Amino acid sequence: MVLSLMLCHIYNPMRRAVRDGQKKTLLFYIFQDCDAFFSLCTSFVTFILGFSNATIFQRWWRLRELCGTVNGKTVDTAVLLASYARRESDLDELFRLLWLAHALHVHSIHNSETDATLELLIQEGLLKAGDEAEALRHCNTLASSTPVSIVYGWFTKRFASTVIRDLPPAQQSGVLQSVQSNISAMRGAAADVLMYLSTPVPRAYTSLLEIMVTLYVLMAPLGLVPRLLWMAVPGCFIVTLIFYGFMSLGKQMLNPFMVRPHAARSDDAFDTQGFLIGTRAACREVAVAVFQSSNGSRSA
């Protein structure tokens, strides 16, 4: 704003002199050329910035949809489990495996350290020490879809044996198909999240965009003063706010799971732990209501 004010004091006398019929100076032509060049850059930078932010927002929202798929299908599966399970011990074991897969999905997003994560899952009662823990420890890393796929495989095997044992043959195929459809959707969504995170927007693209926007903002006083004169002072502030602000917003959305260093929980990051806790709470409520109702009606 200070630069804009200084340029206004330089350009205003020249503008008045030319209006009074005096000869145009070289500096006056420089101001006019800067105005024309700034107009040209405005169209170009607006297009590039708009395209970049639209692409980044689409990526950001797609990641949110994929996390929502895992959460939503987990609750849908809980409804099916509570509806068709006959024994509470089977229901508890199936919920444990379902929540273990969901927890591994969250830890894969944040690339958690393997041994510490497995120990935490054992303490939470989601993972059994011994064969289960060793099977997951043999995976190269938890930041992949392999551990999640393994646990969903355990879940499917346990659920299939439960269905075959407790349900009449006429119901078995339909129930198995419904649950398997949910499992495939959850596993695919969890894998797609990691695919998006492993293929970020190229750094060269974001760096070039930042250079272009920075140069555009620095040129704004020279481009706006010949056209707006004194209104260029607030105009430069508005241009900086809009262009640099939207560029900064896009950079913040590149990785929606990244917690910023200034706070333990960042408002501009997805609260994956909140997703996890909320989904478990919903599953528990469904299990209590549906399982008791289903078994009560069978007893009657």
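# Exercises on helix packing and cores

H2 passes H7 in a left-handed crossing (the near helix is turned anticlockwise from the far one by less than a right angle; clockwise would be right-handed). The model is predicted, so local features need pLDDT of at least 70 and side-chain atom pairs count only at pLDDT 80 or more, while totals for chains, interfaces and linings use all residues. Residues are numbered from 1 along each chain as its sequence is written, and side-chain values use heavy atoms, with hydrogens and water left out.

**Exercise 1.** Classify the crossing of H2 and H7 by its angle.

Step 1. Helices are DSSP runs of H or I with at least four residues, numbered from the N terminus. Axes are lines fitted to C-alpha atoms over the stretch in contact, and angles run from 0 to 180 degrees between N-to-C directions.

Step 2. The H2 and H7 axes come within 9 Å and cross at roughly 155°.

Step 3. Because of this angle, H2 is roughly antiparallel to H7 (under 35 degrees is roughly parallel, over 145 roughly antiparallel, 65 to 115 roughly perpendicular, the rest oblique).

Step 4. The contact of H2 with H7 has 15 nonpolar, six polar and five charged residues (Ala, Val, Leu, Ile, Met, Phe, Trp, Tyr, Cys and Pro count as nonpolar; Asp, Glu, Lys and Arg as charged; the others, Gly among them, as polar).

**Exercise 2.** Is aspartate 35 buried or exposed?

Step 1. Aspartate 35 lies in helix H2.

Step 2. Its relative accessibility is 12%, so aspartate 35 counts as buried (under 20% relative accessible area; exposed is over 50%, partly exposed in between; 1.4 Å probe, protein chains only).

Step 3. Beyond its neighbours within four places in sequence, aspartate 35 is in contact with Leu222, Gly223, Pro226 and Arg227.

**Exercise 3.** Which residues touch the most other members of the largest nonpolar core?

Step 1. A nonpolar core is a set of buried Ala, Val, Leu, Ile, Met, Phe, Trp, Tyr and Cys residues joined through side-chain atoms within 4.5 Å.

Step 2. Among the 46 residues of the largest one, they are Leu81, Phe95, Leu104, Tyr152, Phe155 and Phe159.

Note on methods: Helix = DSSP H or I, 4+ residues; strand = E, 2+ residues; numbered from the N terminus. Contact = heavy atoms within 4.5 Å.
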